[in-house]
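Colleague: I'm new to reading structures, and I'd like to go through one with you. Can we take it feature by feature?

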Amino acid sequence: MAALGLPAGVSDRYDLIGMDPRGVGHSAPVSCGFTADQEYYGNIPPYAADDAAVAEQAALAEAVADQCAANDPHGRLRHITTANTARDLDRIRAALGEDRASYFGLSYGSALGAAYASMFPDRTDRVVLDSNLGGAHLSRDAMRRFGLGAEEAFPDFARWAAARHASYGLGRTPEAVRATYTELAERLDDTPVAGVDGRVFRLATFVGLYGEAQYAPTARLWESVRDSDEAAVRRHLADSGVPVGPPAAGAGAADPAPGAQLSLPTTTPGRRSSR
């Protein structure tokens, strides 16, 4: 939260409580049992060139869902829901002996915060929701909004990069920057660089559109892909936190996942913020 620009006045006056939501990290992790030779990027599939490509990815997603179900002998997956995670947040509040808690949530955290406030209105203090999903769960419609968000944010990055063509060489106009993006993604579809294919490149660019603080690292990644500089590609992707390559066996259970943080009052009155 400090890296996101949280004012020192908030951290000085509030206790910020973090947690691993159920099913991930150290919170009774659930694994789909992926092996080292499996590669699956969930909702970031290869570019769908035609109906056959869509059907192929749908079949892959169904197979992964079946594998996750088969690797869940204790039936935990059915209990990993937004409502249950909100109940977990309230258990933390109770365990710490607080009457009310405040909440700050980003992206999926907005759905979790909305659920918590609606389920426990008498135990909720201040709630801040950012980058809202527009619903209470990650439905198909909610996932489609990510595409819309990327399309609406891309022009801002394109203008930023065009104004810095002398530094990055990605295009002198926003239109030229968009053309560079398409060319690089298509090139990587055919010939990956350092394990980065068009799918990973699109994911990294999507992540890079979240705010201007990510623009320079994103531009440097594009630059290294353009130059086929494998060492630089690996370095810039590591900096961005975008995973490359198949997960290690059992890694799905412990990989970092969008977290939830609950904030509780300190002895000094004031705002209480959490993610």
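This is a predicted model: local features need pLDDT of at least 70, side-chain atom pairs count only at pLDDT 80 or more; totals for chains, interfaces and linings use all residues.

Colleague: Which residue does a disulfide join to C68?

Modeller: A disulfide is a pair of cysteine sulfur atoms within 2.5 Å. Here C68 is joined to C32, with S to S at 1.9 Å, and the structure holds one disulfide. The torsion about that S-S bond is about 100 degrees, so the disulfide is right-handed. C32 sits in the loop between β1 (14-19) and α2 (51-70), while C68 is in helix α2, 36 residues apart. Those helices and strands are DSSP runs (helices H or I, at least four residues; strands E, at least two), numbered from the N terminus. C32 is buried too, because its relative accessible area is 17%.

Colleague: At what angle do α5 and α7 pack?

Modeller: Two packed helices are described by the angle between their axes and the distance between the axes. Axes are lines fitted to C-alpha atoms, for helices over the stretch in contact, and angles run from 0 to 180 degrees between N-to-C directions. Helix α5 (residues 140-162) and helix α7 (residues 174-190) pack at about 110 degrees, with axes 8 Å apart. That makes α5 roughly perpendicular to α7; angles under 35 degrees count as roughly parallel, over 145 as roughly antiparallel, 65 to 115 as roughly perpendicular and the rest as oblique.

Colleague: Which residues make the contact?

Modeller: Contact means heavy atoms within 4.5 Å. Among them are F154 and F157 of α5, and V177 and Y181 of α7.

Colleague: And how many of the residues of helix α8 are buried?

Modeller: Nine of the eleven in α8 (residues 198-208), so α8 is largely enclosed by the rest of the structure. What covers its buried residues includes α5, α7, α9 (215-226) and α10 (230-240).

Notes
Residues are numbered from 1 along each chain as its sequence is written. Side-chain values use heavy atoms; hydrogens and water are left out. Buried means under 20% relative accessible area, exposed over 50%, partly exposed in between (1.4 Å probe, protein chains only).
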